[in-house]
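Work through these exercises with the coordinates open. Each task is followed by a worked solution.

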Amino acid sequence: MKLFLLRHGEAQDSRTSDFHRPLTAHGREQAANRAEQLVIEGIIPGVIIHSPRVRAVETASYIMSRFPDVPTLELTEVIDADRGLFDIIRASSFSDPIIVG
């Protein structure tokens, strides 16, 4: 199994709560470019897993648009990239996940 980690694009400053921070215009461009780069490099994720934070959802949407047939899993809560996350991945039947956080 290959594991791909993708950080969200640039987000707006924290005038609002951290959870609700959307991407900036530059962040949307970054996310679109990353999605295109995955296609160019021939990387096809087995599942797209993303945080429920607004900026991660927005970033993941660009990946999902390039891979519409790939299943998506939105985590119900924000979890740390620790053993808990890897337990979720290991327990699933998906291979080659891309995690957007």
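**Exercise 1. Phe4 and its surroundings**

Which residues does Phe4 touch, not counting residues up to four places away in sequence?

Solution. Start with the ground rules. This is a predicted model, in which local features need pLDDT of at least 70, side-chain atom pairs count only at pLDDT 80 or more, and totals for chains, interfaces and linings use all residues. Residues are numbered from 1 along each chain as its sequence is written, and side-chain values use heavy atoms, with hydrogens and water left out.

Step 1. Apply the contact criterion: heavy atoms within 4.5 Å. Phe4 touches Ile43, Asp96, Pro97, Ile98 and Ile99.

Step 2. Phe4 lies in strand β1. Strands (E, at least two residues) and helices (H or I, at least four) are DSSP runs, numbered from the N terminus.

Step 3. Find the partner strand. Two strands pair if DSSP finds at least two bridges between them. β1 (residues 4-6) pairs with β4 in the parallel sense, over three bridges.

Step 4. Check a separation. Phe4 and Ala32 are 28 residues apart in sequence; their C-alpha atoms are 16 Å apart in space.

**Exercise 2. Asp96**

Where is Asp96 placed?

Solution. Step 1. Asp96 is in the loop between α3 (83-91) and β4.

Step 1. Read the backbone. Phi of Asp96 is near 50 degrees, a positive value in a residue other than glycine.

Step 2. Classify exposure. Buried means under 20% relative accessible area, exposed over 50%, and partly exposed in between (1.4 Å probe, protein chains only). Asp96 has a relative accessible area of 22%, so it is partly exposed.

**Exercise 3. The strands**

Solution. Step 1. β2 (residues 47-50) and β4 pair in the parallel sense over four bridges. Ile48 has Ile98 as its bridge partner in β4. For Ile49, the partner in β4 is Ile99.

Step 1. β2 also pairs with β3 (residues 72-74), in the parallel sense and over three bridges. Ile48 stands opposite Thr72 in β3.

Step 2. The chain runs from β2 through α2 to β3, a right-handed β-α-β crossover. Right-handed means that, with the strands pointing away from the viewer, the path from the first strand over the helix to the second runs clockwise.

Step 3. Inspect the faces. In a regular strand the side chains alternate between the two faces of the sheet. In β4 (residues 97-100), Pro97 and Ile99 are buried on one side, Ile98 and Val100 on the other. In β2, Val47 and Ile49 are buried on one side, Ile48 and His50 on the other.

**Exercise 4. The cores**

How many residues does the largest nonpolar core have? Which element gives the most to this core?

Solution. Step 1. Define the set: buried Ala, Val, Leu, Ile, Met, Phe, Trp, Tyr and Cys residues joined through side-chain atoms within 4.5 Å.

Step 1. The largest nonpolar core has 13 residues. Those with the most contacts inside it are Leu6, Leu38, Ile48, Ile63, Phe67, Ile98 and Val100.

Step 2. β1, α1 (25-40), α2 (54-66) and β4 are the elements that give two or more residues to this core. α2 gives the most, with three residues.

Step 3. A second, separate core has six residues, including Val47, Ile49, Leu75 and Leu85.

**Exercise 5. Arg55**

Is Arg55 buried or exposed?

Solution. Step 1. Arg55 is in helix α2. At 6% relative accessibility, Arg55 counts as buried.

Step 1. List its contacts. Leaving aside neighbours within four places in sequence, Arg55 is in contact with His8, Ala11, Asp18, Arg21 and Leu23.

**Exercise 6. The whole chain**

What pattern does the protein chain follow along the sequence?

Solution. Step 1. There are three helices and four strands. The pattern is β-α-β-α-β-α-β.

Step 2. Count burial. Of the 101 residues, 34% count as buried.
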